[in-house]
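Colleague: I am new to this structure and would like to go through it by question and answer. Please show it before we start.

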Amino acid sequence: MTEAKRDHGGGVDAAAARFGGHRAEWLDLSTGINPVPYPVPAMASDVWTALPDRDAQNRAIDAARCFWEVPESAAILAVPGASAAIVHIPRLAAPGRVAIPAPTYNEHAASFMQAGWQVTEADGTASVRVHPNNPDGRFWRADDLDGELRIIDESFCDIAPDASLIHEATKPGTLILKSFGKFWGLAGLRLGFVIGDAEFIARLGAMLGPWPVSGPALHIGATALRDRGWAEATRLRLAADAARLDELICRGDATLVGGSNLFRLYDVADSALWQDHLARQRIWSRVFPYNPRWLRLGLPAAEGWERLENALR
């Protein structure tokens, strides 16, 4: 791999500029963000006005340790979104070869390349696995990982907690990423966690500096992570909605390829034509530059289903 192509979901502003309409008129199905987010709790005024103290960070970290059943010997760091950690992690080890099987979330390869690493499909001194993978939803095994630096990106794994590789967090060189923007639907909060090797996490924390995560993000994160009832109900709803989306899309010439209960990946004759058709009705989808047959759709909120059904008639 000689260069990292960085394409993403989102970009509704650009879609509106091309196809018309205002952003508020668009139904964005191009991401894997839960369309029914966790309800933001009330917060005392000092959560906004004071620097986040050690207690605020500890409350969020303790909640994360409990929710993800993190082994006691593994360290945890709260970060301003998993993407912030992805940028810095390649600098934790001397550049070499990093194994990142494609296709997958492309920010990992881009960050490693910027840090001087050579990105390969296999046999690296470091390895990255997105678990479940984006965009095809593949789950990995612990023995798929190798190297002195092992990254397991579990940004979408909260839909399937039993599949988590969190037990690997005790192994030297292992870092597990957790995102708060996907399952909880609060991408704008910019909150994530890195779990694993204590030495690497201490160095990563030094790179990010003091107060990397805002007080409101820590407060909301701690509250949400302790709300197991919401998480359990959300998993059931997402599973039902994913099945509903499959039934709707596969009525035509689409075939399910994979995905997760936060996004679905379909094989179609021409994904660009699908995207164009939906966009003319103010619905944005995700296509991929490396595969003209792949169309990825996130889940609509309750009010979006009728719009999508009408667009497909």
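Colleague: What percentage of the 313 residues in the protein chain is buried?

Modeller: This is a predicted model. A residue is taken as buried when its relative accessible area is under 20%. Among the 313 residues of the protein chain, the buried share is 54%.

Colleague: How many helices and strands does the protein chain have, and why is it called as compact as a globular protein of that length?

Modeller: The protein chain holds ten helices and 13 strands. For 313 residues the globule rule gives 20 Å, and the chain is as compact as a globular protein of that length because its radius of gyration is close to that value, at 20 Å.

Colleague: What share of the contacts with a separation of 6 or more is between residues 24 or more positions apart?

Modeller: A contact needs heavy atoms within 4.5 Å. Of the protein chain's contacts with a separation of 6 or more, the share from residues 24 or more positions apart is 66%.

Colleague: Which strands are the edge strands of the open sheet of seven strands?

Modeller: The seven strands of the open sheet follow the order E2-E8-E7-E6-E5-E3-E4, with mixed pairing. An edge strand pairs on one side only, and this applies to strand E2 (75-79) and strand E4 (118-120).

Colleague: In E4, which residue is the bridge partner of Arg-97?

Modeller: Strand E3 (residues 97-99) runs parallel to E4, and three bridges join them. On the E4 side, Arg-97 has as its bridge partner Gln-118.

Colleague: How many aromatic pairs are there, and how many residues apart are Phe-19 and Trp-284?

Modeller: Ring centres must lie within 6.5 Å to pair, and by this rule the count is 16 aromatic pairs. Phe-19 and Trp-284 form a tilted one, with 6.3 Å centre to centre and 55° between the planes. This pair links helix H1 (residues 12-19), which holds Phe-19, to strand E11 (residues 283-284), which holds Trp-284; the two residues are 265 residues apart.

Colleague: Are Phe-67 and Trp-68 buried or exposed?

Modeller: The rings of Phe-67 and Trp-68 are 5.7 Å apart centre to centre, in an edge-to-face pair with 85° between the planes. Both belong to one aromatic cluster, whose members include Tyr-38, Phe-180 and Trp-230. Phe-67 and Trp-68 are both buried.

Colleague: Over which ring does the charged end of Arg-138 sit?

Modeller: A charge counts as over a ring only within 6 Å of the ring centre. The charged end of Arg-138 is 3.7 Å from the centre of its ring, which belongs to Trp-140.

Note on methods:
Residues are numbered from 1 along each chain as its sequence is written. This is a predicted model: local features need pLDDT of at least 70, side-chain atom pairs count only at pLDDT 80 or more; totals for chains, interfaces and linings use all residues. Side-chain values use heavy atoms; hydrogens and water are left out. Rings of Phe, Tyr and Trp (its six-membered ring) pair if their centres lie within 6.5 Å; planes under 30 degrees apart count as stacked, over 60 as edge-to-face and the rest as tilted. Helices (H or I, at least four residues) and strands (E, at least two) are DSSP runs, numbered from the N terminus. Buried means under 20% relative accessible area, exposed over 50%, partly exposed in between (1.4 Å probe, protein chains only). A charge sits over a ring if NZ of Lys or CZ of Arg is within 6 Å of the ring centre and within 35 degrees of the ring normal. Two strands pair if DSSP finds at least two bridges between them. The radius of gyration is taken over C-alpha atoms; the globule rule is 2.2 Å times the number of residues to the power 0.38.
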